[in-house]
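Subject: Structure handover and findings

Dear colleague,

Please find the structure below, handed over for your work.

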Amino acid sequence: MRITRGFSFTNFAIASSALAFQVFVLYPWHQRLDDDFTELKAEHLRYAKEGEDRRLQELKGIRGELEALRKKGSWWS
């Protein structure tokens, strides 16, 4: 009876410490990682948008230069 009671107490102590570790250590760490990941996704989207905007501006500049060459009557027309 004492051995069974000792095992029950030991199992309860191990389970309680594991739960406390999950609640007080792993969950806040997971929450911080989740917040950092969300911030990283937002930053990535911002950089992708900036890159796309720069690419579009460059293409508009190229198109403008081509139109200017066409109006000027370049050597290939």
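In what follows, buried means under 20% relative accessible area, exposed means over 50%, and partly exposed lies in between (1.4 Å probe, protein chains only). By that scale Phe37 is partly exposed, with a relative accessible area of 47%. Leu33 also counts as partly exposed, at 42% relative accessibility. Buried residues make up 1% of the 77 residues in the chain.

Please note that this is a predicted model, in which local features need pLDDT of at least 70 and side-chain atom pairs count only at pLDDT 80 or more, while totals for chains, interfaces and linings use all residues. Residues are numbered from 1 along each chain as its sequence is written, and side-chain values use heavy atoms, with hydrogens and water left out.

The chain has one helix and zero strands; helices (H or I, at least four residues) and strands (E, at least two) are DSSP runs, numbered from the N terminus. The radius of gyration of the chain is 32 Å, well over the 11 Å from the globule rule for 77 residues, so the chain is more spread out than a compact globule. That radius is taken over C-alpha atoms, and the rule is 2.2 Å times the number of residues to the power 0.38. Along the principal axes, the C-alpha atoms fill a box of roughly 105 × 20 × 10 Å.

Helix H1 covers residues 2-72, and its end C-alpha atoms are 102 Å apart, in agreement with the 105 Å that its 71 residues should span at 1.5 Å a residue. The expected span is 1.5 Å times one less than the number of residues. H1 bends by about 35 degrees at Leu26, and Pro28 follows within four residues; the bend is the angle between axes fitted to the seven residues ending at a position and the seven starting there. Just after H1, Gly73 takes a positive phi of about 85 degrees.

UniProt, in an unreviewed entry, lists residues 12-30 as "transmembrane region"; its positions follow the numbering used here, feature names are shortened, and annotations may be inferred rather than shown by experiment. This span is 100% helix, with its end C-alpha atoms 25 Å apart.

Phe37 lies in helix H1. Between Phe37 and Tyr47 there are 15 Å, C-alpha to C-alpha.

Yours sincerely
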